[in-house]
Amino acid sequence: MKKLVALIALAVLSSSMLNAQTPAKLTKIYPELETKLIEWRRYLHANPELSFAEMNTGKLIADSLKSFGLSVKYPVAKTGVIAILKGGKPGPVIGIRADIDALPVTERAPISFASKVTADYAGQKVGVMHACGHDAHTAILLATAYALKQVQSQLPGTVVFFFQPAEEGNPNGGPGGAETMLKENVMDDPKIDKMYALHMSAAQPVGTIGYAQGAAMASADMFKIVVKGKGSHGSMPWGGVDPIMVSAQIIQNLQTIVSRQSNLTKAPLVISVGSLHSGVRSNIIPETAEIVGSLRALDEQMRLDAHASMRKMAKAIAESAGATATVEINTSTLVTVNDVDLCKKAAPALARAAGADNVKIIPWITGSEDFSYFGQKAPAMLFMLGGLPKGKKPEEAAPHHTPDFYLDESGFIVGVRAFVELVFNQ
Ligand code: NI
């Protein structure tokens, strides 16, 4: 009997550990915190920095986290920051990630805190803008760190905050921010049990949450095909091997990898050629042509099969014309997979944060995220948070990465609530 009572007590204890009550104190601080969050976001928005050049952003984040009383590692992966908050109660180690970099886009949005910053990018002077919402991600995670610090003694487990640079890729080629962070073994000490992140969506209603279960966002591979033929006079093409003609055949046939070779009922696949360069004038058949493009997949095997097909196809088409083709494929992100069990456990917490009617399962997205690298090391989940103003239609929203990109700030606090609820309800 004693044993049974002890067992029941243990069961009650462990279930309350798994489902700790979110402290009421937090509800009281949210209004004030929201004001701070929006201030931070506006400052970051007006002062954006490009990938791996987030010097001031990184320092600002590190200083803020220190002022909250968190233990901070800085710099990590050149310009990134990690903070650790050990709770007063037992529980898992939870990682939450925000990306902090901006893009080479000149802002056009009519807002008082619009960016006027310029920088050098690939030898060109460009405008710099938070045109993907990473300023919001950063401010939301700072606010989450602040909120959780206020209830540290009640916090179950440990929370590790990852402020990641260069999500938009390494401007000099090579590994981007997530890969660089992971090379520094950032998920090993303490060992992360599960990872969360959010991404703003300009076309999703403000304050709503959407997430896909399983494959959520696509892998991104950049490919370069160099066709080498033989130059000749444009009036006598039979004297040469025309690399432009061969390129045209390759480009057309690449689409048959999608339409004829891939089982699209399993997952989507996208191949886009974004650049074709060859030749200088009308009557010279050039020696070479260069095709550059991007491949997006939502299934790892389909991705690898598409790689093999591209190599085989380019080589065979070139050979049939007496040319050669070399194919180079560089991976910038993997498929972002939302762990299905983690999503199921997260659902009630997200519903508490946003309201049950405001949380939806959404289809996969062919855009990509380097959060996928964190997902290789622990079960992970990335959800989308809406920033589309009330009364606007999704198709009216300026796309991410464009000069008119705009986010409604009134939903940002839902991001904080969501992370808090996820931490308190494991
Ligand atoms: Ni982004």
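This is a predicted model: local features need pLDDT of at least 70, side-chain atom pairs count only at pLDDT 80 or more; totals for chains, interfaces and linings use all residues.
Residues are numbered from 1 along each chain as its sequence is written, and side-chain values use heavy atoms, with hydrogens and water left out.

Where the two meet, 11 residues of domain 1 are in contact with 10 residues of domain 2, contact here meaning heavy atoms within 4.5 Å. About 710 Å² is buried between domain 1 and domain 2, and carbon and sulfur atoms give 71% of that area. Buried area is the accessible area (1.4 Å probe) that two parts lose on being put together, summed over both. On the domain 1 side, Val335, Trp364 and Thr366 do much of the work: they supply 63% of the area that domain 1 buries against domain 2, more than any other three residues.

One residue pair, both at pLDDT 80 or more, is in polar contact between the domains. A polar contact is a pair of N or O atoms within 3.5 Å; within protein, one must be able to donate a hydrogen and the other to accept it, and residues adjacent in sequence count only if both atoms are side-chain atoms. Strand 9 (214-228) and strand 17 (365-368) each bring at least two residues to the side of domain 1 that touches domain 2. Helices (H or I, at least four residues) and strands (E, at least two) are DSSP runs, numbered from the N terminus.

As for salt bridges overall, the structure holds 13. In one of them, arginine 41 pairs with glutamate 409, with the closest N and O atoms 3.1 Å apart. Arginine 41 belongs to helix 2 and glutamate 409 to the loop between strand 18 (380-388) and helix 9 (412-424), so this pair ties together parts that are 368 residues apart in sequence.

Strand 1 and strand 2 (residues 80-86) run antiparallel and are joined by four bridges; strands pair if DSSP finds at least two bridges between them. Valine 72 has alanine 83 in strand 2 as its bridge partner. Three residues lie between strand 1 and strand 2 in this hairpin, and alanine 77 in the turn has a positive phi of about 50 degrees. Strand 4 (residues 118-121) and strand 5 (residues 124-127) are also antiparallel, with four bridges, and tyrosine 121 has glutamine 124 as its bridge partner. Here two residues lie between the strands, and alanine 122 in the turn has a positive phi of about 50 degrees.

Tyrosine 74 and proline 75 are joined by a cis peptide bond with omega of about -5 degrees, and proline 75 sits in strand 1 (residues 71-76). The bond from aspartate 189 to proline 190 is cis too, with omega near 0 degrees; proline 190 lies in the loop between helix 5 (177-183) and strand 7 (194-205).

Technical notes. A salt bridge is a side-chain nitrogen of Lys or Arg within 4 Å of a carboxyl oxygen of Asp or Glu.
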